[in-house]
Every structure is written in structure tokens, then in C-alpha cells.
Amino acid sequence: MLKQSPYKFQDLGKNKTLGLVFLNPSLRTRLSTQKAALNLGMHVMVMNMDKEGWALETQDGVVMNGTTVEHIREAAAVMGQYCDILGLRSFPKLQDREEDYSEDLFNKFVKFCNVPVVSLESATRHPLQSLADLITISENSNNSPYFSGQGHVKAKPKVVLTWAPHVKPLPQAVPNSFSEWMCRAQSEGLLDFVITHPEGYELAEEFTQGAKVVYKQDEALADADFIYVKNWSSYSEYGKILNDGEGWMLTDKMLEQTNAAKVMHCLPVRRDLELSSKILDGPNSLVIPEAGNRLWAAQAVLKRMLEKLPS
Ligand code: AN0
Ligand code: CP
């Protein structure tokens, strides 16, 4: 495992350059992917398009006489000239569901840059996060070969994804990906997966096939081994916040109904709005090792991509 020998493949990325392109802010994804690339011997360049790049036009057929300065056709193609692999972070605009769920921007970037692309969270998915989450669950479950010796002694852990309150409309990308990966793990008999949220926050069916949805949070949390906390905006009333989410913030009192559940969150987290500080600072929280595992997730993915590149 890469975690045991981080530098084992440090020759793999020699003379290879990774470009990380951010259209939105990031702490974990930026640093973990950068460090993963360095462990593999790659060079890394970071482009903060939102702050330092030219305003990007993504639609075809427009006369660019407004605020956009450069078209994605040229911008992506040019970045592809300098890099062997590119990563892109592009949040949804949360205005037009069709546009966001078609992954129009991400797909255009892939098409025009002409090099392999890794998602650093796109409009509908955050796969590097979900891989890190799966590693974290494995390390804390004794039915896994990666069990660290601490955590749950159970043949099949119960994993619950719970909606949490927030003041801003957030993407569905993190819960979509988490659900997609957990449904797959469930179909392989590794765990049981339950989703809980207030009515109106149903995720797109393509990501939740096989998941059990329970609207009563206390019912869903009963006997849980892992609780994954995340806010998302509505998919059906696209991009909207439907209520103030009162009573949905996970507290240590709620943990009493669970199997001493370990608590996860992708971060950044708003303390005492999404998740109580008592839980975050307490022994049940996995948020820091979970963020630490972002490194190994990114390194595993970059390693695979490097192995497929012509040398
Ligand atoms: C983003 C989201 O919910 O998708 C990024 C999470 C990794 N979160 C915020 O914008 C707060
Ligand atoms: N979890 C996550 O992707 O964090 P950042 O937005 O800080 O990269």
C-alpha cells in the first residue's frame, strides 16, 4: 500500500508535469493532490483560474463582447500543451440542472485539453473524496484487510449518509459520489448503506440505486457504525435551500442511539451549524484522518494514470 511506502514509485513521475486548475476554492484537494504528485516524483503547477486567470467563456456560438475574455477551447488546449495530466475543479452553478448534470464544462475541458484529466470535484461528482472516504471506512472496519485495529468489530458496518443544515446552497457532488461508491460497496456485500434527509432533498436516482432512504433521522441513525455528515441543496427544486434544517445537526446526544458511530465529513465544515464542535473535537470524529487519506486516494489515482502514459 502507498500509505506504507509513499516514495516507492518516486521515479514513475520523473519529467512528468501535473497541472491543477481551480475554478473554485480548495484546501484539501489542492494540497493532497500536489503532495501525491510530489511523492510520485512529478512536477506540479497550480492555476487558480477564479482569481488569476482570464474570465472563461464556456458556451459555444457567443460573440465574446461581454465580461469573458478567453474561451475554454483555447484555455484548455493551451494548458494541455504544458502538462502531461491535468486536474480540474469546477463547481456547478446550481442554476440550470440540465447544464450542471450534463457536466458540460468538465467534458469540454477534457475534450479540448487533449491530455488525461482527473476530477478535483466537478458539478456532480467528487471521486477523490469518495475514494478517501472508502479507505477511511476500511481502516476502521474489522471486515477489511486494511483494518487499523481500532473501530468496529462487525461483519458488515452500517454506514449512514445524513443531510445537515447550511446557510448556503451547496452542490450535490459530494453526497452523489459518496452514495455511488457506498451503493457499489453494498452490492459487494461489504456494508449496509442508508441515506437520511428531509423530504425534498432526494439525490438524483442515478447515484442512489440500491440505497435505502429513511426520512426520519433518528430511525436511520439507530445502530449506525459510520455517519457521513453533509449538506446539499435540493435536486428536485434545483439548487434551493428548502428549510432551515432545525434539528438535523448531528449532536453527541444523537450518537447515543448509534453503535458508538464514527463520524465523517469531507470538510470544510461549519462548526455548530452542520456538526457540533463537541463531536468534531471528540473521540468519535474521523474528519482529520479522513482528510489525511485524501493524499493516498490522490496518489493511487495519479499512479494509475502515470502508468498509462507513454514514457
Ligand atoms: C463544497 C461542496 O459542498 O461541494 C466543497 C466540499 C469539498 N463545499 C463548500 O462549498 C462549503
Ligand atoms: N474535501 C475537499 O475537497 O476539500 P477542499 O474543498 O478544501 O479541497
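**View 1. The loop that holds Pro 268, with its cis peptide bond****.** In this predicted model, Pro 268 lies in the loop between strand E11 (262-264) and helix H11 (277-280), where helices (H or I, at least four residues) and strands (E, at least two) are DSSP runs numbered from the N terminus. The peptide bond that leads from Leu 267 into Pro 268 is cis, and its omega is near 5°. Residues are numbered from 1 along each chain as its sequence is written, while chains are lettered from A and ligands numbered from 1 in the order in which they are written. Because the model is predicted, local features need pLDDT of at least 70 and side-chain atom pairs count only at pLDDT 80 or more, totals for chains, interfaces and linings use all residues, and side-chain values use heavy atoms, with hydrogens and water left out.

**View 2. The largest pocket and its lining****.** Rolling a probe the size of a water molecule over the atoms shows where empty space is left. On a 1 Å grid over the protein atoms alone, a pocket is an open set of points where a 1.4 Å probe fits, with protein on both sides within 12 Å along at least five of seven lines, and lining residues have an atom within 4 Å of a point. The largest pocket holds about 660 Å³ of space, a volume being the space filled by probe spheres set on the points, which are joined across faces, edges and corners. Of its 28 lining residues, Phe 91, Leu 170, Pro 171, Lys 230 and Pro 268 are the closest to the centre. Helix H1 (28-39) and helix H7 (173-187) each give at least two residues to this lining.

**View 3. Ligand 1 and the residues around it****.** The space that ligand 1 takes up is the largest pocket, and a molecule sits in a pocket if more than half of its atoms lie within 2 Å of the grid points. Glu 121 is in the loop between strand E6 (117-119) and helix H6 (127-139), and its phi, near 105°, is positive although the residue is not glycine.

**View 4. Ligand 2 in the largest pocket****.** Ligand 2 also sits in the largest pocket, and the residues around ligand 2 include Ser 26, Thr 29, Gln 129 and Arg 294. An oxygen atom of ligand 2 is 2.6 Å from a polar backbone atom of Leu 27, and an oxygen atom of this ligand is 2.7 Å from an N or O atom in the side chain of Arg 89.

Note on methods. Near = heavy atom within 4 Å. Polar contact = N/O pair within 3.5 Å; in protein donor to acceptor, adjacent residues only side chain to side chain.
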